[in-house]
Amino acid sequence: MSKLFSVTMITIFLLSGCAASKPEVDDFSIKVEDKFQTAIKGDGIKLFTYKVKFAELPTLEQPHMARVKQIEKLKRSGSKKRSIYAVDLSEWTEQIELGLDKTISMTGYCRDGYIELSRIIEVGRGEIRGECNDGATEDDLKKFASFTKG
């Protein structure tokens, strides 16, 4: 019985640690400028464009050192599947997605979620276009007619 209790407690502890480790936008070291533009069509369709770019251009040393670390990591892992010239945009993509989610939450624009229409993620910039699952209300028309945050 105590063995089962110990295993259960360890599992709960590990799961709570995983949930607490989800990064927030502030956890990323890259400072960005973002812009959130809305468009409500005549039939009540709510569209948006979320654009992000580096607030400051990185110095020449930063990308080079990141590249050196990435090459060293690939060498240590022994991975031959990935090109050493491929850029890892996973953290940058995660930061853009978190920024969009926080912006939509703060503005209340898409109450029932959204469908992603297009996405462009590149080093230093990103853009996600989407359509809200909910239609525009009278309040939305007043609040978000040609709304731009940023």
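I take helices (H or I, at least four residues) and strands (E, at least two) as DSSP runs, numbered from the N terminus.

I am working with a predicted model, where local features need pLDDT of at least 70, side-chain atom pairs count only at pLDDT 80 or more, and totals for chains, interfaces and linings use all residues. Residues are numbered from 1 along each chain as its sequence is written, and side-chain values use heavy atoms, with hydrogens and water left out.

**Fold order.** I looked up the elements and found 4 helices and 5 strands. Along the sequence I read them as α-β-β-α-α-β-β-α-β.

**Whole-chain numbers.** I checked burial (under 20% relative accessible area, 1.4 Å probe, protein chains only): 23% of the 150 residues qualify. Next came contacts, meaning heavy atoms within 4.5 Å. Among those between residues at least 6 apart in sequence, 61% join residues at least 24 apart.

**Around β4.** I call two strands paired if DSSP finds at least two bridges between them. Strand β4 (residues 125–132) pairs antiparallel with β2 (residues 46–54) over 7 bridges. On that side, I noted Tyr50 opposite Ile128 of β4. Strand β3 (residues 114–122) also runs antiparallel to β4, joined by 8 bridges; here Ile120 has Glu127 as its bridge partner.

**The turn.** What sits between β3 and β4 in their hairpin? I found 2 residues between the strands, and Gly124 takes a positive phi near 90° in this hairpin.

Definitions and conventions: Buried < 20%, exposed > 50% of the residue type's maximum accessible area, 1.4 Å probe, protein only.
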